[in-house]
Amino acid sequence: MEIYLDNSATTRVCPEAADAAYAAMTRFYGNPSSTHAKGREAKKLLDAARKNVASALGCAPGEVVFTSCGSESDNWALLSGVWAASPKGGHVISSAVEHDAVLKTLDELERRGYSVTRLEPGPDGAVSAEAVRAALRPDTVLVSLMMVNNETGAVTDIGGIARMLKKAAPDALLHTDAVQGFLKVPFSAKTLGADMISISGHKIHAPKGVGALYIRSGLRLKPFIVGGSQEDGRRAGTEAMPQICAFGEAARVGAERAADAQKHMAALRERAVERLSREIPGFTVIGGGAPHILSLSLPGYRSEVLMSYLDGQGICVSRSSACKRGARSHVLAAMGLSPRVIDGAIRVGLSRYTTEEEIDAFCSALAAAAAQLAHN
């Protein structure tokens, strides 16, 4: 038996995306920059994939630039975003609960002489528009905040922050890391108000190695990777067609099923919380808001021991973020949680493929682990 509940780390590739990648590798293998028939064939697929991602994101195809991953999109948005706005100042606002792709880029910005404010989250793990407003300075040029926290599922109101910035700091650019939010919580780039949005393929049942950055029409970012004139001169390098075609199909299918999938995942999350609250004394839910992430803790237990027990039962979960590799979560620490809660925390990541039977098996296994460890 294998039960995969680590979908916030990565998802299994859906059949439609796998078929698209295979076709791009074996039949439509031309370079989309080539002018012969095989190249034109590939260019047609590239345009179709961009249109599919743009449709799912709620923007024009020309506002989507393909990248290698969400981390590249984040790096590009911050480093080139401040460059684009730097004549107006040198202050950046972000938070202490961002993904390392943003946090380490903020460190680099500081090394380059920018001033960075890292906001603390509220008790729910989200960052409020009021906190951003209070941190604004006359020289603020960029605000970068995660839409859905990858560890807790906390949802930050990016739309509300965008509306506040339009009134209080209209010259400041707004970037959101929506890697965990894309197709998991409803939003449209057209109405959200962000200038830049990072997304990733492998979080929505496409392969690893592809992402995208939404760049609002009219905003010209300095290329992060230079060389050829691919992606309308915005990102050099021959396009990774198998991954891009798969990303397009995953986005198309995911958008068609998004409403039902979100409802399905929210119901599974509620089912797990209700049962675990009833069966495990001290069970604690951390943060929350997004339907696909359940961050929980068994205070007094060790998360690595719980994970090892679950792994032995064929159940895959993670200890906060998959990028941590055993380090204590900076996100949970920034939320002000006690060491006992942090050290007993695990993350459950759901997908549209997750079943009630799998959730029930996970709950039974976690309850058995708690009971067994309590008597050891």
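## A buried loop residue, Leu 183

Leu 183 is buried, at a relative accessible area of 11%; buried here means under 20% relative accessible area, exposed means over 50%, and partly exposed lies in between, with a 1.4 Å probe and protein chains only. Leu 183 sits in the loop between strand E6 (173–177) and helix H7 (189–192). Helices (H or I, at least four residues) and strands (E, at least two) are DSSP runs, numbered from the N terminus. Although Leu 183 is not a glycine, its phi is positive, about 65 degrees. For background, most residues other than glycine have a negative phi.

A word on what you are looking at: this is a predicted model, in which local features need pLDDT of at least 70 and side-chain atom pairs count only at pLDDT 80 or more, while totals for chains, interfaces and linings use all residues. Residues are numbered from 1 along each chain as its sequence is written, and side-chain values use heavy atoms, with hydrogens and water left out.

The loop between E7 and E8 holds His 205, and the residue is buried, with a relative accessible area of 4%.

A cavity is a set of points, on a 1 Å grid over the protein atoms alone, where a 1.4 Å probe fits but cannot get out, and its lining residues have an atom within 4 Å of a point. The volume of the largest cavity is about 100 Å³, and the count of cavities of 30 Å³ or more comes to 4. Grid points are joined across faces, edges and corners, and a volume is the space filled by probe spheres set on the points.

## The sheet of 7 strands

An open sheet of 7 strands runs in the order E2-E8-E7-E6-E5-E3-E4, with mixed pairing; two strands pair if DSSP finds at least two bridges between them. At the edges are E2 and strand E4 (115–119), each pairing on one side only. From one strand to the next, the twist averages 20 degrees. Axes are lines fitted to C-alpha atoms, for helices over the stretch in contact, and angles run from 0 to 180 degrees between N-to-C directions. Helix H2 (residues 37–57) packs on this sheet and touches E2, E7 and E8, its direction making about 110 degrees with that of E2. Contact means heavy atoms within 4.5 Å.

Strand E8 (residues 211–215) is antiparallel to E2, and 4 bridges join the two. In this pairing Phe 66 stands opposite Ala 212, and Val 65 has Leu 213 as its bridge partner. On the other pairing, strand E7 (residues 196–200) and E8 are antiparallel over 5 bridges, with Ile 197 partnered by Tyr 214 and Ser 200 by Gly 211. How many residues of E8 are buried? The count is 5 of its 5. Gly 211, Leu 213 and Ile 215 point one way from E8, and Ala 212 and Tyr 214 the other way. In E2 (residues 64–67), Val 64 and Phe 66 point one way and Val 65 and Thr 67 the other, and all are buried.

## The sheet of 3 strands

A second open sheet has 3 strands in the order E9-E10-E12, paired antiparallel. Strand E9 (284–286) and strand E12 (345–349) each have a single partner strand, so one side of each lacks a neighbour in the sheet. Neighbouring strands here are turned by 35 degrees against each other on average, direction ignored.

Strand E10 (residues 293–297) and E12 pair over 5 bridges, and Ser 295 stands opposite Arg 347. Helix H9 (residues 241–279) lies across E9 and E10, at about 15 degrees to E10.

## Leu 337

Leu 337 lies in the loop between helix H11 (330–334) and helix H12 (339–343) and is partly exposed, with a relative accessible area of 26%. Not counting residues up to four places away in sequence, Leu 337 touches Ile 286, Leu 332 and Ile 342.

Conventions:
On a 1 Å grid over the protein atoms alone, a cavity is a set of points where a 1.4 Å probe fits but cannot get out, and a pocket is an open set with protein on both sides within 12 Å along at least five of seven lines; lining residues have an atom within 4 Å of a point.
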